[in-house]
Amino acid sequence: MTTGEFINIYPTELKFPFELRKQSACSMQLSNKTDQYIAFKVKTTNPKKYCVRPNAGVVLPGSSCNVTVTMQAQKEAPPDMQCKDKFLIQSAIAPTGTTNKDVTPEIFNREDGKVIDEFKLRVVYVPANPPSPVPEGSEEGGSPRTSLTEDDSKSTSLPEAVSRSLEESKAKSSPSEAWSLISRLTDEKASALQQNQKLRQELELVRKEINKSNAGGVSMLFVVLIGLIGLLVGYLIKKT
């Protein structure tokens, strides 16, 4: 904050987000620290480049005024992003009851010992789009995202595998794509559960037939393995 005899100015420099071929704006606040009417005027070394609103006015006793400065779109960036432009804010005591329309250049004439406060503010360019921080685990050596593999399918039941795939799809997709994937995977999960139930029923029928025929050459373990292989093949077919 810059402090003068009549007003306080914040900030102490004008920072413009710089982006080629786009306008940029920043603001400053003028605060009247007296019990009198204070007139102000804003000047710049490059008036064609900037638009100041309001560029002159009155700050009532104990109140504040916001001034917006707009920089016109620039076709090229300055060397090293350094700007030599400056702003000058003048302030002086005005008669009680003065309005913005009453502010004239004569108020800021240095005559009869009139005190004119002046402040100079420099212009600073800042990047319009600063780089975002790198998400944790995205750098080389970070922990890779857990994914469903063929080995996982051997140790995980079919409903759990579909649920995990559903969760990963929701994390990777955009909202619209996620809902589409959720609907599709939910249907696939229901279909897989139905197929699983059907295979279990067929397996039970085979077991009963074996018991009836007393075909002791086929062990119960072999029948279970056949059923599990059928489940795995059905799931892999769904995935492809």
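User: Before we look at single pairs in this predicted model, what makes a contact a salt bridge?

Analyst: A salt bridge is a side-chain nitrogen of Lys or Arg within 4 Å of a carboxyl oxygen of Asp or Glu. By this rule, the predicted model has five salt bridges.

User: Why is the pair Lys15 and Glu13 called a salt bridge?

Analyst: The closest N and O atoms of Lys15 and Glu13 are 3.9 Å apart, and the rule asks for a nitrogen of Lys within 4 Å of a carboxyl oxygen of Glu, so the pair counts as a salt bridge.

User: How do you know whether Lys15 and Glu13 are buried, partly exposed or exposed?

Analyst: Buried means under 20% relative accessible area and exposed means over 50%. Glu13 has 19% and is therefore buried, whereas Lys15, at 46%, falls in between and is therefore partly exposed.

User: What makes Lys49 and Asp85 a salt bridge, and which parts of the chain does the pair tie together?

Analyst: Their closest N and O atoms are 2.9 Å apart, which is within the 4 Å limit, so the pair qualifies.

User: How are Glu118 and Arg110 classed, buried, partly exposed or exposed?

Analyst: The side chains of these two residues meet in a salt bridge with an N to O distance of 3.0 Å. Arg110 has a relative accessible area of 55%, which is over 50%, so Arg110 is exposed, while Glu118, with 37%, is partly exposed. Elsewhere, salt bridges that share partners join Glu13, Lys15 and Arg122 into one network.

User: What makes a group of residues a nonpolar core, and which residues have the most contacts inside the largest one?

Analyst: The residues must be buried, of a nonpolar kind such as Val, Phe or Tyr, and joined through side-chain atoms within 4.5 Å. The largest such core has 26 residues, and Phe16, Tyr50 and Phe87 have the most contacts inside it. Strands that each supply at least two residues of this core include strand S3 (13–18), strand S4 (24–32) and strand S10 (117–127). Beyond its neighbours within four places in sequence, Phe87 is in contact with residues including Leu14, Val42, Tyr50, Val69 and Phe119. Apart from this core lies another, of ten residues, among them Tyr37, Ala39, Val58 and Phe108.

How values were computed. Residues numbered from 1 in each chain as written. Predicted model: local features only at pLDDT ≥ 70, side-chain atom pairs only at ≥ 80, totals over all residues. Heavy atoms only, no water. Buried < 20%, exposed > 50% of the residue type's maximum accessible area, 1.4 Å probe, protein only. Helix = DSSP H or I, 4+ residues; strand = E, 2+ residues; numbered from the N terminus. Contact = heavy atoms within 4.5 Å.
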